[in-house]
Amino acid sequence: MKKDLHPKLHDTKVSCSCGYEFESKSTVGDSIHVEICSQCHPFYTGQQKFIDTAGRIDRFKRKYGQTTAKQD
């Protein structure tokens, strides 16, 4: 490998606005602040809500014949 070609990789402390912090690696620097992370994002926490405007989800299901799966 060529010398001094690649950027330096730092141990980085990532902190979120929700207060969650974790360690990672980055070429940016020693600390990174993010507004949203996997601990507070609605998709990962299971609090995501689908807003069905004008029946789009029902129309999609009718068009492609998809129904809700029944669990045994």
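Mentor: Begin ahead of the strands (DSSP runs of E, at least two residues, numbered from the N terminus). His-6 sits in the segment before strand 1 (10-16). This is a predicted model, where local features need pLDDT of at least 70, side-chain atom pairs count only at pLDDT 80 or more, and totals for chains, interfaces and linings use all residues. Residues are numbered from 1 along each chain as its sequence is written, and side-chain values use heavy atoms, with hydrogens and water left out.

Trainee: Is His-6 buried or exposed?

Mentor: Buried means under 20% relative accessible area, exposed over 50%, and partly exposed in between (1.4 Å probe, protein chains only). His-6 has 52% relative accessibility, so His-6 counts as exposed.

Trainee: How many Å apart in space are His-6 and Thr-27?

Mentor: In sequence, they are 21 residues apart. C-alpha to C-alpha, the distance is 9.6 Å.

Trainee: Which residue is the bridge partner of Val-14 in strand 3?

Mentor: Strand 1 and strand 3 run parallel, joined by four bridges. Cys-16 stands opposite Val-34 in strand 3. For Val-14, the partner is Ile-32.

Trainee: Which residue in strand 2 does His-10 stand opposite?

Mentor: Strand 1 and strand 2 run antiparallel, with six bridges. Opposite His-10 stands Ser-26.

Technical notes. Pairing = 2+ DSSP bridges.
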